[in-house]
Amino acid sequence: MAPPPNGMHELLEQLETLEKTANLSASINDVQNAIDLLTAARAKIANDPQTAPITLAKLQGPLRSTLEAAQKDIKPVYSGLNKYGRALDKKFKDKPLPPTSNDALSSHPQLINRAIAMHLLREGEFDVASTFIREASQHPPQPEPTPNTPHPYNNLSWEKNMADGTFNSETLQKQFHEMYHILHELRQERNLGPAIEWARERSDVLEARGSNLEFELCRLQFVCLFVGHGVDADDDDLMEEVPLGPMQAWEYARREFGGFQRRYAREVQQLMGAMAYWQNVVGSPYRRYFYNDAAWEEVATSFTREFCSLLGLSADSPLYIAATAGAIALPHLLKLQSIMEKTRTEWTTQNELPVEIPLPPAYHFHSIFVCPVSKEQSTDANPPMMMPCGHVIAQESLDRLSKGIRFKCPYCPGESHPRDAVKVFL
Ligand SMILES: [Zn+2]
């Protein structure tokens, strides 16, 4: 996830307190205890009505102390909420909410619901997601278009599946369940097995996407075997190890790296080179492969990205990105609006913002490629292709220029064969 924009740290701190200590779990227990006491007493009286007076008398003391505990346990929740409220006021002091006159989303409440449901599913909040989806389809929101606001995407089929309850959350839930299982094995158990198996089953698709995931996973497996125990082993341990680890790594490489020779000859060669330094990898040029604490998080991120893109989804939740980008853009838009009101000008370009919004680099998406040769926008049938020199042109331009034989890049002296060009995924 991208780091939060400035000024949000205090809010996040308070939010963390709410989640960790100022939550309702103690109070829920207290109330459950009270319910248990009452239920037991009712059962006893129902069983033998004559015991009613004594059962009720005995109930009073325990019930009172349970309720007192509930009162006591809810105090930190109140104080946490107060502090959070104060932090919110401080952050958004004197900042008016945007007026609803430009609310383009008011005509698409189903899309918002769908985005929320997708966000919950991909965050692994399966219970919350299914409750949300059920309630959203039981009470479908009615679009209330804002007058004078463009509604460019009035494509009802997008929204229909949510309204009809045919939004297939079960399949998605199953898929994300698998993703979280594999991530858990990677991050918590340091077990590469399920991830490697997943990548191997999709080897062709991943390779066609230009993904290095399978190799990255197997390389980490090699390193784990080499060091004998996790990558964060002490330097001393490694020095005293009998060469069992390196031997196992060697066997693993002989067994598994064959298929990687073509695409990763250099990398495989380097790993094999490291074998020569097995007694002192720390002091060798290969140290960075073996002592890289970030390696596990890197493969986990890489796995999440590939998993989501095979489902046709971006690696980060679009709702999270939209909300964060929106929060960054809002002050600029409010300022723009007040200027327009003062000068009585109108915003005339419908699909373009009249001001630059300074979004962080991670929020710059280049989803459109225009071929510098043909000046045409790329499509699935005419995708961007990168030549070995690094220049990118559209497939059709490549075909036209090369005529299937070696040709010179139109932008540099580099010569190459069209079959060496690789498809670029944006
Ligand atoms: Zn070139």
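In which loop does Lys375 lie? In this predicted model, Lys375 sits in the loop between helix H16 (318-343) and strand S1 (384-386). The phi angle of Lys375 is near 60°, a positive value in a residue other than glycine. Lys375 counts as exposed because it has 9 C-beta neighbours inside 10 Å, and a residue with 12 or fewer falls in that class.

Lys403 also has a positive phi, of about 50°, although it is not a glycine. Lys403 is found in the loop between helix H17 (395-402) and strand S3 (407-408). Lys403 is exposed, because 9 other C-beta atoms lie within 10 Å.

The overall make-up comes next. The protein has 17 helices and five strands. Of its 426 residues, 15% count as buried.

The largest nonpolar core has 27 residues. Those with the most contacts inside this core are Ala195, Leu217, Phe222, Val223 and Phe303. Seven helices are listed here, each with at least two residues in the core: H7 (169-187), H8 (193-201), H10 (213-227), H12 (244-256), H13 (261-275), H14 (287-290) and H15 (295-310). H10 gives the most, with nine residues. Phe222 touches Ala249, Tyr252, Ala253 and Leu271, leaving aside residues up to four places away in sequence. Another core lies apart from the largest one. This other core has seven residues, among them Leu120, Leu121, Ala129 and Ala136.

Helix H13 is not straight. A kink of about 45° is centred on Glu267. The span of H13 was compared with that of a straight helix. A straight helix of 15 residues would span 21 Å at 1.5 Å a residue. H13 spans only 17 Å between its end C-alpha atoms. The buried residues of H13 are Val268, Leu271 and Ala274. An α-helix has 3.6 residues a turn, so residues three or four places apart point the same way. The buried residues of H13 pack against H10, H12 and H14. Leu271, one of these buried residues, is also among the residues that Phe222 touches.

Glu68 is placed in helix H3 (residues 52-91). Glu68 is exposed, because 11 other C-beta atoms lie within 10 Å and the class takes in residues with 12 or fewer. Glu68 and Asp30 are 38 residues apart in sequence. In space, Glu68 and Asp30 are 9.0 Å apart, C-alpha to C-alpha.

The mean pLDDT of the protein is 82. A value of 70 or more is reached by 87% of the residues. Confidence is highest in H8, at a mean of 95. Confidence is lowest in helix H11 (residues 235-240), at a mean of 48. Over residues 230-239 the pLDDT is below 50. This stretch has 15 contacts in the model beyond near neighbours in sequence. Where pLDDT is low, the predicted coordinates should not be read in detail.

How values were computed. Residues are numbered from 1 along each chain as its sequence is written. This is a predicted model: local features need pLDDT of at least 70, side-chain atom pairs count only at pLDDT 80 or more; totals for chains, interfaces and linings use all residues. A nonpolar core is a set of buried Ala, Val, Leu, Ile, Met, Phe, Trp, Tyr and Cys residues joined through C-beta atoms within 7 Å. A residue is buried if 20 or more other C-beta atoms lie within 10 Å of its own, exposed if 12 or fewer, and partly exposed in between; C-beta atoms are placed from the backbone. Helices (H or I, at least four residues) and strands (E, at least two) are DSSP runs, numbered from the N terminus. Two residues are in contact if their C-beta atoms, placed from the backbone, lie within 7 Å. The expected span of a helix is 1.5 Å times one less than its number of residues. The bend at a residue is the angle between axes fitted to the seven residues ending there and the seven starting there. pLDDT is the predictor's confidence in each residue, from 0 to 100.
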